[in-house]
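User: Good morning. I am new to this structure and would like to go through it step by step. Could you display it and begin with the terms I will need?

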Amino acid sequence: KLMNQDNKLVIGGLAAVAAGVILYSLFHNQNKHHLTEEEIDSKLRERVKRRSEQELENMMIKFKRENPRGTFKDFMADHFQENIKREGNNIILDPSVRNHEWEGRFERVKASQPFHELGPLPID
């Protein structure tokens, strides 16, 4: 008797685990349409970037609702102090935020617009 009851249980368990891994892999990857790792990474980066942009816009909407006369400098001083320098009462903005993505977005976002529904983090 080469196969005792314990060995049969172990082999049966391993077969079940292997089948589960294969089924999970097939199910998990069914929507990937055989994308390369680079394509998957690129799509994930796009989703994370979009969610980050929506989160930033939500912060701007909230700030504008609470501070109707608030400026971009005020917003940055309240939320991103690492990107400002104070000289007396003056706020000096870091050049890295004086662009379309930050300052331009602040100008485009309106206090009256609805918040973005963010949902879960796009980590997969």
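Analyst: A residue is called buried under 20% relative accessible area, exposed over 50% and partly exposed in between, with a 1.4 Å probe and protein chains only. The model is predicted: local features need pLDDT of at least 70 and side-chain atom pairs count only at pLDDT 80 or more, while totals for chains, interfaces and linings use all residues. Residues are numbered from 1 along each chain as its sequence is written, and side-chain values use heavy atoms, with hydrogens and water left out.

User: How many helices and strands are in the chain?

Analyst: The chain has four helices and two strands, in the order α-α-α-β-β-α along the sequence. Helices (H or I, at least four residues) and strands (E, at least two) are DSSP runs, numbered from the N terminus.

User: What share of the residues is buried?

Analyst: Of the 124 residues in the chain, 21% are buried.

User: Turning to helix α4, which of its residues are buried?

Analyst: In α4, which covers residues 100-108, the buried residues are Glu-103, Gly-104, Arg-105 and Phe-106. They pack against α2 (37-66) and α3 (72-79); a contact means heavy atoms within 4.5 Å.

User: What caps the N-terminal end of α4?

Analyst: Asn-99 does, with a side-chain oxygen 3.0 Å from the backbone nitrogen of Glu-101.

User: On to the rings: how many aromatic pairs are found?

Analyst: A search of the whole structure gives six aromatic pairs. Rings of Phe, Tyr and Trp (its six-membered ring) pair if their centres lie within 6.5 Å; planes under 30 degrees apart count as stacked, over 60 as edge-to-face and the rest as tilted.

User: Which residues do the ring pairs link into a cluster?

Analyst: The cluster consists of Phe-63, Phe-72, Phe-75, Phe-80, Trp-102 and Phe-106.

Technical notes: Polar contact = N/O pair within 3.5 Å; in protein donor to acceptor, adjacent residues only side chain to side chain.
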